[in-house]
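Hi everyone, thanks for coming. I'd like to walk you through one structure today, so please have a look at the screen.

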Amino acid sequence: MHLVLNAINGEYLRNITLNSASATERVDAAVAYVTKEDLLFDWCWQNKIPLRFWGRFDDSVPVAPAILRRFLSRRSASYTCKLVRKFHAKVIWWHGVGAYVGSANLSDSAWYTNVEAGTFYTEAELESLGLDLQLKDFFATLNQNGSPLTEEICAALEARQKQLGKLRDADAANAKSLLESPHVRPWAGLVQVPEKAANERRRTAFLNEWNSTLTLLRNLSAKVENYRPVWVEPGVPLGAHVDQFLHAHYYNRVMSGGRSYFEEWHERNAANPDRAEIEALEWWRDQITPPSSEDRMLNEWAPYLRDHLSQGELLTQTDDKLYEIFRRVHAIADHARRIPNQLVGLPGTRQYSMDEKSRALAGRIVGERSNGGHDAFELLSHVFYGGSPSDVPIRLWEGISDQNWKIDHIGRSALGELVGWALPDIYPPRNARTSKALRSLGHDVTV
C-alpha cells in the first residue's frame, strides 16, 4: 500500500499503467469526470485489456462526449461504458495488480500537475484486508444503477456540450430537460445505508453468485466423466475432475503470453455455452498427457487434501501440515506468491519461490487468531463441518466476512477451493480461476 500524491511524493497514477500492462487482466474504472482518454482508455485498448467504465451523468457533461463517442464506435463487448447519477467517486482497479482509491479524475491536470491524494493497494493487500469484496460490491452497485451508453444519450450530451460552449450560464430549463432524460434511469443515490443493511446486501449477492455458479459446475461435472482422458484414474471425484478440466482449459487455451483472454472468449461463446463446453471437453479428452500437471493434482494432491482436511485430521494439524496443505491449494499458493516479502517475515527484496512464500505464509497464519479467538484449523473445521453440508456456503460467507471467524490471508478464493478439496462429492473446488474459465466458455458468471 502506498500514497499517490503526484509531485509531492513522486508517485503518479501514470506509473501504474506504465508498469502493469502484462499483469492486468481487466480494468474496472469508476471515475466521475473524464476529459482525456489516452491516460487509461486508450492504454486498455492498445494493450487489449478489457475495460468496464462508469462515469457521472449530469447537466455539466462530466465525461467529454468525444470520449463517449469512441466507446460507441469501438462496438466492443470488452470495452463498455455506463453513466450514473449521484456519483463522484474516483476508483480504478487493475485486476491482478491492485486498485487506486482517491481524488484524481481522468484529466491531464489530475494525473500530472494537480495536488491529488489517493491510496494504491496491491491485489494481495485487497484480498487480505477484505477490500476486494467491498470493491466488488461498490462496482456491482454502480452497475445496477448505471445506464449503458447509447446513441441517444451520447447525442443528448453532445447537444448539451454545444449549449454550454455558447453560454456557460445555461438556463435552468435546459439543465432540467437533460436531467429528466427518459433514457437514464432515475436514482436517488446512497443517501444513507446502515452497515448492517450493506453487509446483508453483500451476503445475498455472494450467496446468489455462489449458488448460480455451483449449478454450472455440477452440470459440467455430470458431463466431464464421459470425456475422461486415459491418465485420469477411474473413481476420481467428479468435483475434482471438473476443476482440473477447467484448470487445463484456462491455462493452456484462455491464457496466452502471460495474459488472460477470458473476456474475449466469453464474447465469442456467449451465444452458445453448451457448444463451447463440448468443444473444450473434447479437447480435454484427447490430451494424451496432462497439459499442466493435472495428473499430480487429481491422483496425488487431491487425495492428500481430502484426507488432511477431514474432520478428524483438522483437529490434529501442525504448522508443517498447514504448509503442506497450502502448497497444494492453487488459490493460497498464488496469493502467497503475490504477497510482499515483509508481510510474511521474509528478508530482502529478492524473488522467493512459491514454496518458500507458501511456507512463510503458513508460518504467519498458524499464529493468527480471529477476533473471536479462532485459529485457522478451527475456521476450516467450522466452514466444512460446523453444521449441515447444505449450509456450507453460509458458513463460508461467515469465514470471509464475520470478524468472529475471519483470518487475514484466508479469503474467498482460498476457502472456496479448500471446500472443494475437503468435500469434492458435494462442492467442486472453486476460486477466481474457476470463474474466469466458466466465463470463457460463455457463461454469465461474475469474476
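I'll start with one proline and then move on to some salt bridges.

A quick word on the ground rules. This is a predicted model, so local features need pLDDT of at least 70 and side-chain atom pairs count only at pLDDT 80 or more, while totals for chains, interfaces and linings use all residues. Residues are numbered from 1 along each chain as its sequence is written, and side-chain values use heavy atoms, with hydrogens and water left out.

Okay, Pro 50. Where does Pro 50 sit? You'll find Pro 50 in the loop between helix 2 (41-46) and strand 3 (51-56). Helices (H or I, at least four residues) and strands (E, at least two) are DSSP runs here, numbered from the N terminus. Is Pro 50 buried or exposed? With 4% relative accessibility, Pro 50 counts as buried. For us, buried means under 20% relative accessible area, exposed means over 50%, and partly exposed is in between, using a 1.4 Å probe and protein chains only.

And what does Pro 50 touch? Leaving out residues up to four places away in sequence, Pro 50 touches Glu 25, Arg 26, Val 27, Ser 78, Glu 263 and Glu 264. Contact means heavy atoms within 4.5 Å.

Now for the charges. Side chains of opposite charge can pair when their charged atoms come close. We call it a salt bridge when a side-chain nitrogen of Lys or Arg is within 4 Å of a carboxyl oxygen of Asp or Glu. Searching the whole structure turns up 32 salt bridges.

Take Asp 108 and Lys 36: their closest N and O atoms are 3.8 Å apart. Asp 108 lies in helix 4 (residues 108-113) and Lys 36 in the loop between strand 2 (26-31) and helix 2, so this pair ties together parts that are 72 residues apart in sequence. Asp 108 is partly exposed at 37%, and Lys 36 is partly exposed at 27%.

Next, Asp 137 and Arg 202 form a salt bridge at 3.7 Å, N to O. That one joins helix 6 (residues 131-145) to helix 9 (residues 195-224), and both residues are buried.

Finally, Arg 306 and Asp 425 pair up at 2.5 Å, N to O. Arg 306 belongs to helix 13 (residues 294-308), and Asp 425, 119 residues away, is in the loop between helix 20 (412-422) and helix 21 (432-440). Arg 306 is partly exposed at 34%, whereas Asp 425 is exposed at 57%.
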